[in-house]
Amino acid sequence: MSAGQRSMEYLLGQATHALYQGFDAHVRAAGLSSIEWRVLSRLQGGDALTVSQLAHEVLAKQPTVTKLVQRMSEHGWLALQADAADQRCTLVRATTAGRRLVGPLVERARAHEADMLRTLAATEKAALKRLLAKLADRGA
C-alpha cells in the first residue's frame, strides 16, 4: 500500500512509533516512564506551568497529571507551589535534580531525532515541522 493510500492518522501513528521506538529504552534506563519524561522535558527550561497547562502540553488528562506531579515531587524532581494569581492553581517547576536527570535525555532525544530525519533534506525537515505544528495548533 502506498503512502497516498494510507490515512493521515495511520501515517502519523507509525511515524510517532518509529521516532520513539529506539529512544524509549533510554527513558526507561533513566528510571522514567514516558509520561514522566514528557513532563520533565517540557519543564527542563525552568519555566513553571499550572497542572492544567502541563496536562495539555504532555497530552494527558488533568487528574492523571495531578497524581503524577505529586509523585514526581516526592522523588524531588518537581517543585509545587500555589499560583499567586490564582490560589486554586498549582504551579509546577522542575527542580535542579529533575533538570539534572532529564538533561542528558534531552540531548539524546535531539540526537535521535536528527538520526531519524537524516534522510530528509533541510527544506523537507523544515516543511515537516511547520506542517506538523500547523496541524497541532489546529487541534489545540
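Strands, helices and a core

S2 and S3 form a hairpin with two residues between them, in a model that is predicted.

Student: What makes S2 and S3 count as paired strands?
Tutor: Two strands pair if there are at least two bridges between them. Strand S2 (residues 78-83) and S3 have six bridges, in the antiparallel sense, so they pair by that rule. One place to look is Ala-82, which stands opposite Thr-90 in S3.

Student: How do you know that strand S1 (residues 49-50) and S3 pair?
Tutor: The cut-off is at least two bridges, and S1 and S3 have two bridges, again antiparallel. S1 and S3 therefore count as paired. Leu-49 has Val-92 of S3 as its bridge partner.

Student: Why are helix H3 (residues 34-43) and helix H5 (residues 62-74) called roughly perpendicular?
Tutor: Their axes cross at roughly 80° and come within 11 Å. Angles of 65 to 115 degrees count as roughly perpendicular, and H3 and H5 therefore get that name.

Student: Which residues of H3 and H5 meet?
Tutor: On the H3 side they are Ile-35, Glu-36, Val-39 and Leu-40, and on the H5 side Thr-64, Leu-68 and Met-72. By class, this contact has five nonpolar residues, one polar and one charged.

Student: Why is Val-51 called buried?
Tutor: Its relative accessibility is 9%. Buried means under 20%, so Val-51 counts as buried. The residue lies in helix H4.

Student: What is Val-51 in contact with, leaving aside neighbours within four places in sequence?
Tutor: Its contacts are Gln-62, Val-65, Thr-66, Val-69, Thr-90 and Val-92. As for Gln-81, Val-51 is 30 residues from it in sequence, and the two are 11 Å apart in space, C-alpha to C-alpha.

Student: Which residues touch the most other members of the largest nonpolar core?
Tutor: That core has 24 residues, and those touching the most other members are Val-39, Leu-40, Leu-43, Leu-54 and Leu-78. At least two residues each come from H3, helix H4 (51-57), H5, strand S3 (86-94) and helix H6 (96-116). H3 gives the most, with five residues.

Student: What does Leu-78 touch, not counting residues up to four places away in sequence?
Tutor: Leu-78 touches Val-39, Leu-40, Leu-43, Val-69, Met-72, Ser-73, Val-92, Arg-93, Ala-94 and Thr-95.

Student: Why might nonpolar side chains be found buried together?
Tutor: In soluble globular proteins, that is what they tend to do.

How values were computed
Residues numbered from 1 in each chain as written. Predicted model: local features only at pLDDT ≥ 70, side-chain atom pairs only at ≥ 80, totals over all residues. Heavy atoms only, no water. Axes fitted to C-alpha atoms, helices over the stretch in contact; angles between N-to-C directions. Helix = DSSP H or I, 4+ residues; strand = E, 2+ residues; numbered from the N terminus. Parallel < 35°, antiparallel > 145°, perpendicular 65-115°, else oblique. Contact = heavy atoms within 4.5 Å. Nonpolar A, V, L, I, M, F, W, Y, C, P; charged D, E, K, R; others polar. Core = buried A, V, L, I, M, F, W, Y, C linked by side-chain atoms within 4.5 Å. Buried < 20%, exposed > 50% of the residue type's maximum accessible area, 1.4 Å probe, protein only.
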